[in-house]
Amino acid sequence: MKRPRLLLLFLYHLSCLIPGILSSRVVTLGSIEIFDTHEWFGSKPNVYFQCHGENRTFLPDVKQSHLQYTFKGEESWQPLTELNEKKCKRCGLFEMDSFKPDDVFDEWELCPGDFIDGKYVRSKDKEVNATFICLECSDSNGTQSSSSNGASISRKSSVALVVVICLLTSILMIAVTTIIYKYWQKRKREQDQARFVKLFEEGNDIEDELGLDPV
């Protein structure tokens, strides 16, 4: 029951703030349609999504042009990427090529503010049409619906409430722990004093029985 333990206890309760503060902005693919393939001899295309500095995410189901593919966001290769609150990523849709550099369907800056009601549609003429989903992304330019803004405010209020509750709980736990520790110290001192007095009295009784005079 030392002070470092009290600090660890405080940090433990403070850690419950992390899930509310670090809300993830995961981007998944809702649908895609390619209008052209760049492979020779009618080979099936290998389409993938990639952001700069990140790994490729291949879309194994996309094999034909002029066919819209829809996804639930639960596929094994999902999600595509994760965005920061106010930072964009350079991303694109590509087709892997065996003999020359990979072909580009489209490449652009993917930003959290692009999403309206959690959805962003990216289209390039004669190349690709894709819909991306990010339920935690918001439109920084204010084009998002009022219901989405209300939900965002509600989430922020909930996070603030969690912060206050966790801090109050931590303070209360530290106070209770301190009180219990002081009470335990007091009781220990009283027990030690009582034990000493008892031993002293027993020593006097032995001396009386033996008829020894105190020195």
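Which residues make a nonpolar surface patch of about 290 Å²? In this predicted model, where local features need pLDDT of at least 70, side-chain atom pairs count only at pLDDT 80 or more, and totals for chains, interfaces and linings use all residues, the patch is made by Val164, Leu168 and Ile171. Residues are numbered from 1 along each chain as its sequence is written, and side-chain values use heavy atoms, with hydrogens and water left out. Patches are built from residues with over 30% relative accessible area and no salt bridge, with like charges joined within 9 Å and nonpolar side chains (Val, Leu, Ile, Met, Phe, Trp, Tyr) joined within 5 Å. A salt bridge here is a side-chain nitrogen of Lys or Arg within 4 Å of a carboxyl oxygen of Asp or Glu. Accessible areas come from the Shrake-Rupley method with a 1.4 Å probe, and for residues only the protein chains shown count as cover. Valine 164 has its place in helix H3 (residues 146–210). With a relative accessible area of 44%, valine 164 is partly exposed; the scale calls a residue buried under 20%, exposed over 50% and partly exposed in between (1.4 Å probe, protein chains only).

The protein has three helices and nine strands, where helices (H or I, at least four residues) and strands (E, at least two) are DSSP runs numbered from the N terminus. Read from the N terminus on, the elements run α-α-β-β-β-β-β-β-β-β-β-α. Of the 215 residues of the protein, 27% count as buried.

Several of the strands come together in a sheet. Four strands form an open sheet in the order E3-E2-E6-E7, with antiparallel pairing; two strands pair if DSSP finds at least two bridges between them. Strand E3 (57–58) and E7 are the edge strands, each pairing on one side only. E2 and E6 run antiparallel and are joined by five bridges. Valine 47 stands opposite glutamate 95 in E6, and cysteine 51 stands opposite cysteine 91 in E6. On to the next pair: seven bridges join E6 to E7, which also run antiparallel. The bridge partner of phenylalanine 94 in E7 is valine 104. E6 itself is mostly covered, as five of its seven residues are buried. In a regular strand the side chains alternate between the two faces of the sheet.

The next topic is the disulfides, each a pair of cysteine sulfur atoms within 2.5 Å. By this rule the count comes to three. One of them joins cysteine 51 and cysteine 91, with sulfur atoms 1.9 Å apart. This link is right-handed, with 95° about the S-S bond. It connects distant parts of the chain, as cysteine 51 lies in strand E2 (residues 47–51) and cysteine 91 in strand E6 (residues 89–95), 40 residues apart. Cysteine 51 counts as buried because its relative accessibility is 1%, and cysteine 91 counts as buried because its value is 0%.

Another disulfide joins cysteine 88 to cysteine 111, with an S to S distance of 1.9 Å. The link of cysteine 88 and cysteine 111 is right-handed, with 110° about the S-S bond. Cysteine 88 lies in the loop between strand E5 (81–83) and E6, and cysteine 111 in the loop between strand E7 (103–110) and strand E8 (119–124), so the pair ties together parts that are 23 residues apart in sequence. Cysteine 88 has 33% relative accessibility and therefore counts as partly exposed, whereas cysteine 111, at 15%, counts as buried.

Cysteine 134 and cysteine 137 also form a disulfide, with their sulfur atoms 2.0 Å apart. The torsion about the S-S bond of cysteine 134 and cysteine 137 is about 70°, so this disulfide is right-handed. Cysteine 134, at 0% relative accessibility, counts as buried, and cysteine 137, at 3%, counts as buried.

Finally, the interior can be described through its nonpolar core, a set of buried Ala, Val, Leu, Ile, Met, Phe, Trp, Tyr and Cys residues joined through side-chain atoms within 4.5 Å. The largest nonpolar core has 26 residues, of which Ile32, Leu93 and Phe132 touch the most other members. Two or more residues come from each of strand E1 (25–34), E2, E6, E7 and strand E9 (128–133). E1 gives the most to this core, with four residues.
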